[in-house]
Amino acid sequence: MSRARADEEEYWHSSKFRAFTFDDEDDELSQLKESKRAVNSLRDIVDDDDDDLEKVSWSGEPVGRRNRLPSLPSLSDAFSDTGVKNYAPELRRPRAEYKDYSNDWSPRDTVRRMQRGKVCSLERFRSLQDKMVLLDEAVAGHDGNVITAVLIFLKRTLRREVLFRELEVRQVALCHLIHFLKETGEQKLLLDLLRFLDRTEEVALSQYREHLNIQDVEKKREFLKGCIGLPFSAEDISHIQDHYTLLERQIIIETNDRHLAMAGQSEIFRKYPRKASILNMPLVTTLFYSCFYHYTEAEGTFSSPTNLKKTFKIPDKQYVLTALAARAKLRAWEDVDALLTTKNWLGYTKKKAPIGFHRVVEILQRNNAPVQVLQEYVRLVEDVETRLNLATKYKCHDVVIDTYRDLKDRIQLMAYKCKVERGSAEEEKINSLLSNMQIRWKN
Amino acid sequence: MASTARRDAPEPPDFGILKRLARDQLIYLLEQLPGRKDLFIEPDLMSPLDRIANVSVLKQHEVDKLYRVENRPAPSTSDQLCFLVRPRVRTMRYIADIVNADKMSGRSRKYKIIFSPQKFYACEMVLEEEGVFGDVTCDEWSFYLLPLDEDIISMELPEFFRDYFLEGDHRWINSVARALQLLNSLYGPFSRVYGIGRCAKMSYELWRDLEEESENDGQGRKPEIGNIFLMDRDMDYVTALCSQVVYEGLVDDTFRIKCGSVDFGPEVTSSDKSIKVLLNAQDKIFSQIRNEHFSSVFGFLSQKSRNLQAQYDRRQGMDIKQMKNFVSQELKGLKQEHRLLSLHIGACESIMKKKTKQDFQEMIKVEHALLEGFDIRESTSFIEEHIDRQVSPIESLRLMCLLSITENGLIPKDYRSLKTQYLQSYGPEHLLTFHNLKRIGLLTEQAAGETLTAVESRVSKLVTDRAAGKITDAFNSLAKKSNFRAISKKLSLIPRVDGEYNLKMPPDMAYVFSGAYTPLSCKIVEQTERRRTARGATRSALSWRCSWGAAPSPRSPLSASWARREAAGSSS
């Protein structure tokens, strides 16, 4: 009989059928499973499940739908060891409760059913009021999956301005719609929604975000140019402007440098071949690149560091730090020196570092600067303890000796003697200091 | 955590059941597509899956080849394709592309999609739109909880944070509720539920609805889990923003612990191979040092090494019989210990190398200053230099957010200047990053007229008031402004120490941050438990704010008082 076949199919797909495990510890479990399976065959007799009723046509033939979701057993059932179970719960419900299966579920029950994963037709919520009650129930139910499902339905059956207007006063639902539109990539509708809500800054940001999807640099440049007119905040407009200008600049530099590198005439490009293109790199990285490959160029050229500094208003501190790192990498110690030397109006030079000399030392050391070079800057570290640490660590003996002398610390000075080479100039210096009667040692 | 220092503490429940259930369910689902099939797995699910059903188990159930769900087209030649995925729109498009490509080339295959932990209606919509709804079967793998250790369970849903806190999407609340339901049915019934935060409340309510419907009373079973605390992450960002200084935290920082295991590269293994190590209570060495402050770890490891060496050296004076005994009984254990020791020592060395490079010590000092609220200008300069030096985009942001949270927002001048420098150092597209952080409240600007002192003085008046109602008001207003200083003062999150904090024998929980800060969640659990045991049913100001009462259970005798409390209106 075809009805029996439908039921059989139902039984095998029913939620109570579970995989068998062979774990011995689950003895209790297998017992329960057995009794459960027996009792659940009762489901054949009374079946309240809408889905299945819909499946059977008038002739009793099952109308197959491949896509039925088998709802898996509630795992708690398997483990409860009480005698009272929800065997065939449908039996217990009074007949009067069986709704007409063309579903007259209330909004609340509809939401409930959707939360349990059941298929629910929302088509009968036709009036705007009904729709909104349904939406509010979904929001009250806290399940974002259901809220989004209702919104999908509303989006399909309401003119957008009507929908927008209703969502304006429903924050939670609004968030869900916005997230949904972002996920499905419905950019146009999203922007319309944001404009409707007068969230102009978000409109601008949302459009700007698209640049991340553009691979071709020329197209990206054009796109960024178009972004400049968008309703950003005053502060952000300058950032967008900078982004555009930077990319434009990078394109020029990249094209030129690629030619230079290929032509093989330029020494620097031969000695240090470029490992990556400068396109889409941050400004500081671009500055580093420029200080590395184009350091001596005049301010007028697009690739000179000073031009970058001026165009993007790079603060001195940042500039010196980056230029230092680049020149140190090239072991151009004189350039390093020049960066850190300022001349006052009298013509006297002074060493000044806007970043702290311990940082200077760190950068130089990372690039294996020779001790004589390193020493000069270690000497200038202001904090005495740091100076001693660095000097000792990097074997800048003169600095150590001088510092201990200044601190009048005889014990430490004596102890340091073992760190210097026997018979070296440093050892002699220590000895002469130690035997100097004029120094008032503190210990 | 996984440390039971107290002898009277009960054994943790057997969370292995969760893994077995998940595995059985997955196998059942796979068997519903009988015959040989290829399995496509979403990258996020690969690590969790590995802990539940590894490759050999899958192969036993007729899984031929395994592929990652990626941007590239599927190279599979099998007639049956199975996809194990999270419910994402873009993944649906990926699958639809495969199905449609097959249709175009006249190929017909079987396609099965297994959604974990559940299917979303939006996914069905996309499948329908793409015209493949009728060509695929959809199933749900109710995998909600993965035990990572004896006492740590994870939902492994990293997208939760962004989806809920940034986008305001409630899509995962059902999963949380179902996870609670599962725990309740296996290890409950829970007696009391406490919580802070909107999401916690919604999860609780949804869970309550689920329990009511399931008509499962769970009577007669002795509960293994008694109390539940549900807390929203945004109640305490500070804990997540401070640098970790206990061993396990540093391992995570340096190597990234995923699903309870970590990949140690050649520099750690002192060989040319990398190995994957499971980090849990089974690792005898790890379990002893995981919660220790890093300063004591090296000492511990070298002590252990010396002991180990001494044990080995005992061989010298042994006769044949003793030697045989030694080899059969002890050698294996010693070898194991040796292996673990060398791994962890190698890990320590890597950690130290990395941290020295990044001025770790100085950074910790800055964090502590921010927590205590002094030397703010110096701290801001440190952050500025950190950005200028392009040290690390994530670390720079982390420090900025910590500054923002502890100071109730950056002063506008600093916000603008740090933002500009960040964009210059790490890329102009981070304009979007800053907007997201602002939306979520992690990195904000102080509004004019709302400088810290004004807020703080207003708030401090409120928190000294004894009346419970006023305290609730204080918490409400604090929640809006998330005033870190007032909360940490009220709950004594920052220990007052005379002299140096004793890390070897720490007096409180703040040792996890070298004595600078006690995580809020831990403090709340501690305080609630203390008050509950000390004063019985009397509600303290704190529990009044947090507690929603008994866990939902229609037949439970506690449900009456829960309903009463609900009626009394706990405003949250």
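## A walk through a two-chain model

Let us begin with charge pairs: the structure holds 69 salt bridges over all chains, a salt bridge being a side-chain nitrogen of Lys or Arg within 4 Å of a carboxyl oxygen of Asp or Glu. This is a predicted model, in which local features need pLDDT of at least 70 and side-chain atom pairs count only at pLDDT 80 or more, while totals for chains, interfaces and linings use all residues. Residues are numbered from 1 along each chain as its sequence is written, chains are lettered from A and ligands numbered from 1 in the order in which they are written, and side-chain values use heavy atoms, with hydrogens and water left out.

One salt bridge to look for is that of B:Glu213 with A:Arg112, at 3.6 Å from N to O. B:Glu213 sits in helix α8 (residues 198-214) of chain B and A:Arg112 in helix α6 (residues 107-115) of chain A, so this pair joins two chains. Helices here (H or I, at least four residues) and strands (E, at least two) are DSSP runs, numbered from the N terminus.

Now to the meeting of the chains. Chain A brings 67 residues to the contact and chain B brings 75 residues, where contact means heavy atoms within 4.5 Å. About 6400 Å² is buried between chain A and chain B, with carbon and sulfur atoms giving 52% of that area; buried area is the accessible area (1.4 Å probe) that two parts lose on being put together, summed over both.

Between chain A and chain B there are 11 salt bridges. In one of these, A:Glu183 pairs with B:Arg171, and the closest N and O atoms are 2.8 Å apart. On the side of chain A that touches chain B, helix α10 (residues 171-184) of chain A gives the most, with 8 residues. That side of chain A has 27 nonpolar, 21 polar and 19 charged residues; Ala, Val, Leu, Ile, Met, Phe, Trp, Tyr, Cys and Pro count as nonpolar, Asp, Glu, Lys and Arg as charged, and the others, Gly among them, as polar.

Finally, visit two loops of chain B. A cis peptide bond joins B:Ser116 and B:Pro117, with omega about -5°, and B:Pro117 has its place in the loop between β4 (110-115) and α5 (121-129) of chain B. B:Arg256 lies in the loop between α10 (247-255) and β10 (261-264) of chain B. Phi of B:Arg256 is near 75°, a positive value in a residue other than glycine.
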